[in-house]
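Take each task on your own before you read its solution.

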Amino acid sequence: MTEPLLRALAAGLMVLAYAAMCLAIWRRERRRHDADARAAAALAGDGAQPPLLVLFASQTGQAETIAWQTGRALHAQGTPVRVMSLNDLDATTLRAAQRALFVVSTYGEGDAPDGASLFTENLMGAAEALPMLRYALLALGDRQYTHFCGFARALDGWLQSSGAVPLAPRVEVDNGDPGALAEWHAQWGGGGAEAESAAFEPWQLVSRALLNPGSEGGPVFHLGLRPPAGVALHWQSGDLAQIALADDPGRPRDYSIASLPPDGELQLLVRQECHPDGTLGRASGLLTSTLAPGDSVALRVRAHRNFRLDANAGRPLILIGNGTGLAGLRGHLRARALAGQHENWLLFGERHAAHDQLYRDEIDAWQASGVLQRLDRVFSRDQAERLYVQHRLLQAGDEVNAWLARGAAVYVCGSLQGMAGGVDAALRQIAGDAVLRDLTASGRYRRDVY
Ligand SMILES: Cc1cc2nc3c(=O)[nH]c(=O)nc-3n(C[C@H](O)[C@H](O)[C@H](O)COP(=O)(O)OP(=O)(O)OC[C@H]3O[C@@H](n4cnc5c(N)ncnc54)[C@H](O)[C@@H]3O)c2cc1C
Ligand SMILES: Cc1cc2nc3c(=O)[nH]c(=O)nc-3n(C[C@H](O)[C@H](O)[C@H](O)COP(=O)(O)O)c2cc1C
């Protein structure tokens, strides 16, 4: 063989060897890529699949918080997820979904919380075909209520009758039971340090005043509380304070915060409950009787996103409430006064003008200074027939519609039984179901009712 031929052969062999090496590297990378894709598909279901839905139905935010913890944990594992309120879910998204996790609470007589009011009306009201859907359900409830986890059970029944298949048995949580919650988090992730709520701190009772002496109703007290050194006053109007009880640690009690951080203290409006056997309500008795000014109580602040002003801060507000429901409305009115936003209409209901004018001077001052453009105090027992805020709303129907047409948002705070349902019915009669649906969907109808 001649030298040039040998050189050409050697060069050819080198090219071949290089090509073989490239092919091997390409094959290895291809295998690795395929394995990665298979792993991702195993988590996501399939590359073409829609994301796993984490759907929540919440009133005071517990179901929402758990849904986000679960969603974040799944996302961190590489699963494409979409976390959303049931009220934001449309039929097309649900029908296309292949996997969904539901985290839902129950209110009233086993009813859906406000965060699922549109879902129950628009979707659960009719038969659906969801044969592709695999789902799991976390039910938040409280066995003290007759219809324990009533909404979750109804939702589970509806999903199964629509052809959806449960991936695991429904997990029911009585009163935030840590064991049941751990079961859910073990299945779907989340929990651990992230699930731990803010700690209770010893807040000092600095003042307490009876606001309704001589009332036919239970005594109502205004309370001022200050945090221990190092704990900042930090919340927004609409948020809640939770009180922990040494003898009932699993069930902290919620109270609407009636003040703002610039007030320098956290203020509550608490009605003292008296049971038929003469004993006082555990939390309300502690706050209004057992504690003396200077004593401390275990308290933490809880964000109540459903009842904050948020995007409604620039809108006119119709604020409707009764009894201690004035607490949450007062928080908002203080925020409005501070912001110089005076398009506010307060409708407040109690029993007798002579004894039940909670925060009378403050409300009169707001009316005088124009912070309140309209004020309706409705006293149910000052005349022969009972008159409630919902009746006043109906009498002022044209003005309600005019405010809504100007973009007003509606905030309702106080009794779930009687008041909240009556107000809802009155608003529907005045504005129509379609308008109420729009208000709910756009976050312009918010309730803190109990
Ligand atoms: C979002 C939210 C906001 C709230 N905001 C406020 C607020 O701003 N102001 C306010 O005052 N309240 C508010 N509440 C209510 C508050 O959380 C408590 O439910 C209320 O103070 C009663 O709690 P308690 O511990 O005093 O009563 P508990 O001792 O828990 O008693 C409550 C009920 O349990 C039953 N019960 C318990 N023991 C007995 C017994 N021995 N005999 C017979 N029946 C019994 C009765 O039905 C009684 O009415 C709010 C609740 C929620 C959910
Ligand atoms: C006014 C009120 C009514 C309630 N009604 C029920 C009920 O009928 N059945 C039930 O199991 N739990 C009921 N609960 C308990 C809630 O479902 C439970 O506290 C849940 O954790 C709240 O979650 P959320 O903050 O996401 O709404 C009720 C709670 C309140 C404050």
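## Exercise 1: the shell around ligand 1

The shell around ligand 1 consists of 8 nonpolar, 7 polar and 7 charged residues (Ala, Val, Leu, Ile, Met, Phe, Trp, Tyr, Cys and Pro count as nonpolar, Asp, Glu, Lys and Arg as charged, and the others, Gly among them, as polar). Before going on, note that this is a predicted model, in which local features need pLDDT of at least 70, side-chain atom pairs count only at pLDDT 80 or more, and totals for chains, interfaces and linings use all residues. Residues are numbered from 1 along each chain as its sequence is written, chains are lettered from A and ligands numbered from 1 in the order in which they are written, and side-chain values use heavy atoms, leaving out hydrogens and water.

Task: find which residues and elements surround ligand 1, and which domains give residues to its shell.

Solution, step by step:

1. Start with the neighbours: ligand 1 has 22 residues around it, and D254, Y255, E273, A283 and S284 are the closest (a residue is near a molecule if one of its heavy atoms lies within 4 Å of it).
2. Next, look for polar contacts, meaning pairs of N or O atoms within 3.5 Å; within protein, one must be able to donate a hydrogen and the other to accept it, and residues adjacent in sequence count only if both atoms are side-chain atoms. From H275, a polar side-chain atom is 3.0 Å from an oxygen atom of ligand 1.
3. Now check the cover: on its own ligand 1 has 970 Å² of accessible area, of which the protein covers 71% (Shrake-Rupley method, 1.4 Å probe; for residues, only the protein chains shown count as cover).
4. Then turn to the elements: β10 (253–256), β11 (266–271) and α8 (282–290) each give two or more residues to the shell, and β10 has the largest share, with 4 residues. Helices (H or I, at least four residues) and strands (E, at least two) are DSSP runs, numbered from the N terminus.
5. Finish with the domains: ligand 1 lies between domain 2 (201–303) and domain 3 (309–449), because both give residues to its shell. The domain bounds come from an automatic or database domain assignment.

## Exercise 2: D239

Task: is D239 buried or exposed, and what does its side chain reach?

Solution, step by step:

1. Locate D239 in the loop between β8 (220–226) and β9 (240–243).
2. D239 counts as buried because its relative accessibility is 2% (buried is under 20% relative accessible area, exposed over 50%, partly exposed in between; 1.4 Å probe, protein chains only).
3. Follow the side chain: it reaches the backbone nitrogen of Q236 at 3.0 Å, and a polar atom of the D239 side chain lies 2.9 Å from the backbone nitrogen of H304.
4. Compare positions: D239 and A303 are 64 residues apart along the chain, yet their C-alpha atoms are separated by 5.0 Å.

## Exercise 3: ligand 2

Task: which residues come nearest to ligand 2, and how much of its area does the protein cover?

Solution, step by step:

1. Ligand 2 has 20 residues around it, and S58, T60, Q62, T106 and C149 come nearest.
2. A polar side-chain atom of S58 is 2.6 Å from an oxygen atom of ligand 2.
3. The protein covers 88% of the 650 Å² of accessible area that ligand 2 has on its own.
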